[in-house]
Amino acid sequence: MTLLSKLKEYADERLEDQPPSLYASTPVAWIVEIDSEGWPLSSRPTSRIDDRTSRGRRGIDMAAPEVQRSNNILPFVLADTGEYTFGRPGKSRAVKRADQQHREYKIRLQECAEHAHEPAVDAVVRFFEQGGANLLDLDDDWDYQQKVTFRVHTDGEAVLPINLARVQSFWRSWWEEKHTESRGHCHLCGLAKPLVRILPQKLKGIRDVHSSGTLFITANKDAFESYGLKQSHVAPTCVDCAEALSRAMNDLLKRSDSHYYAGRDTFVFWTRKRIEFNLTSLMENPDPTQLKEFLDAPRRGSQASTVNESSFYAARLSPRMKTPRVVVRDWIDTTVGDVKNSVRRWFGLQRIVGPLGEEPIPYGLVDLAASTVGWKAGRAASDDITAGTHGALLRAALLSEGVPDSLSHRAIRRCIAEQGFPLTPRPRQRYEERLRLLGARAALMKLVLLKRESMGAKENYMVALEPEHPEPAYHCGRLLAVFEEVQREAMPRVNTTVVDRFYGSASTAPVSAFARLWRGVQPHLTTLRKRENKAAFLLCSSASKRSTTELRSSQSRCP
């Protein structure tokens, strides 16, 4: 219930200039212009179509009746599709159903006229009594799935009936009567009101669901029902609160700075107060310049204590398989200050030089998750990312929780499967993209290791090569990696590398193992030199000599 109460709070405190109850901003493509007697002023409706955008092709947005109706016949009074308004089916649509829709539309219109007592509504009733669609010139290719409304011209004034207060009142009272079955205490506002059976509006913008939207609160199986409560009654909500929930979540899903997508998950963020804190860009695709400003903010003293004390909320949503429903996978309730501190530590712990020694770059959650899977058709196989990976990374970043060891295990398995990475670009391999994910994989493994340390890691720890590291095991590992890279450059199709063969002996008896490895690497260096691959030869030769020198100068002695 906490998530729902915070969404209601967001709607009450943050949403402004909202449409009337049970209305929404929806595309309306046509307006039928009529006079006070219901006669058309033009044989063709006025077009409101904008061909410049895909949404504009359905019409320009305006406030009109809009609720979810699934497959049920439920006409929207005075603003609905051509099938409902004119009784003519769209392409590949049933004629019988269009007749039923139009019949229900006229019944609802008559009820509205009797309730509202508005001359503009009466004019629309007379329009249908005098012939309706037969009074208009509608082409054979006219799209009857686009929405149509009316404008009544009287004494030099033009009135849209859907904007009249009495029409809006009728629509609210009619829907409430049909979709509330009992009275009870709303768990959000605490008042005794009629409780909705289904939420009036769907959520639009959830990843991998139908474009028409998805349900938020519903129980359609016995396993989800309790105490005899069904559908939305499992979380008893009045009409006003139910509408506020949907509007709040839809507003968050529209704003680019309050949500982002990763895999099948949709992440939504918001704060109690209006503050400048774009977490989406930091988590999805962090910009180094923006991140530097964010990390340096405490040193500049540019943080206000009132801002840091403000509440911060985040939710992870995903579609329920084979149903038009959404599942809340995770919920976070903390403060802005705690989130900022956690995010700063998160990016500090993942700092590591690039695969070729480049300056450290920040990695978003998408890159870190993608580094745990392989490649398909020349790109990261994002579909193979296991469920919960993005959520685990998000909680680790926002709440300073540990990164699951399973992610490091998957990253290591990918390193073994890929068997190294070429030093020079090769055609048709998306070299730069793969190089970035290789760096993200190293950053992920570092995060797993350092997140375990309760005392916190020292600054710039494990960021780059440490030539002065006191442990010989550190330099032995470096040297072994260099030997393997030399072997790969000289023998690109090798199946069993020196690491595969000598890792055990190099760990237990490094003196004898590395003496043998050093002798074995000389023929590979000769091969590289003879191939005129001077860059690889010089790089491998200098790296091996440098690692050997630093190993000999380390403080401890090898066993």
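**Entry 1: H15 and H16**

I looked up two helices and found that H15 and H16 are roughly antiparallel to each other, because angles over 145 degrees count as roughly antiparallel, under 35 as roughly parallel, 65 to 115 as roughly perpendicular and the rest as oblique. Their axes come within 10 Å and cross at roughly 155°. H15 covers residues 472-490 and H16 covers residues 498-508. I note that axes are lines fitted to C-alpha atoms, for helices over the stretch in contact, with angles from 0 to 180 degrees between N-to-C directions. On the H15 side, Leu480, Phe483, Glu484 and Gln487 make the contact. On the H16 side, I find Val498, Val499 and Tyr503. Contact here means heavy atoms within 4.5 Å.

**Entry 2: what I am reading**

This is a predicted model, where local features need pLDDT of at least 70, side-chain atom pairs count only at pLDDT 80 or more, and totals for chains, interfaces and linings use all residues. Residues are numbered from 1 along each chain as its sequence is written, and side-chain values use heavy atoms, with hydrogens and water left out.

**Entry 3: the whole chain**

I find 18 helices and 15 strands in the chain. Helices (H or I, at least four residues) and strands (E, at least two) are DSSP runs, numbered from the N terminus. Of the 559 residues, 47% count as buried. Buried means under 20% relative accessible area, exposed over 50%, and partly exposed in between (1.4 Å probe, protein chains only). Among contacts with a separation of 6 or more, 68% come from residues 24 or more positions apart. The chain exposes about 28,700 Å², and carbon and sulfur atoms supply 49% of that. Those areas come from the Shrake-Rupley method with a 1.4 Å probe; for residues, only the protein chains shown count as cover.

**Entry 4: helix H10**

I turned to H10, residues 336-349. Its 14 residues should span 20 Å at 1.5 Å a residue, and the end C-alpha atoms are 20 Å apart, which agrees. The expected span is 1.5 Å times one less than the number of residues. How many of its 14 residues are buried? I get 10, so H10 is mostly covered. Among the buried ones are Val336, Gly337, Lys340, Arg344 and Trp346.

H10 also meets H12, residues 389-399. The two axes come within 6 Å and cross at roughly 110°, so H10 and H12 are roughly perpendicular to each other. Asp338, Val339, Ser342, Val343 and Trp346 of H10 meet Leu393, Ala396, Ala397, Leu398 and Leu399 of H12.

I checked serine 342, which sits in H10. Serine 342 is buried, with a relative accessible area of 8%. Leaving aside neighbours within four places in sequence, serine 342 is in contact with Ala397, Leu398, Leu399 and Ser400.

**Entry 5: H1 and H6**

H1 and H6 (residues 239-254) pack at an angle of about 80°, with their axes 8 Å apart. That makes H1 roughly perpendicular to H6. The H1 side of the contact includes Leu4, Leu7 and Tyr10, and the H6 side includes Cys241, Ala244 and Met249.

**Entry 6: two aspartates**

Most residues other than glycine have a negative phi. Aspartate 17 has a positive phi of about 50°. Aspartate 17 lies in the loop between H1 (2-14) and strand E1 (23-28). At 80% relative accessibility, aspartate 17 counts as exposed.

Aspartate 155 also has a positive phi of about 50°. I place aspartate 155 in the loop between strands E6 (147-154) and E7 (157-159). At 77% relative accessibility, aspartate 155 counts as exposed.
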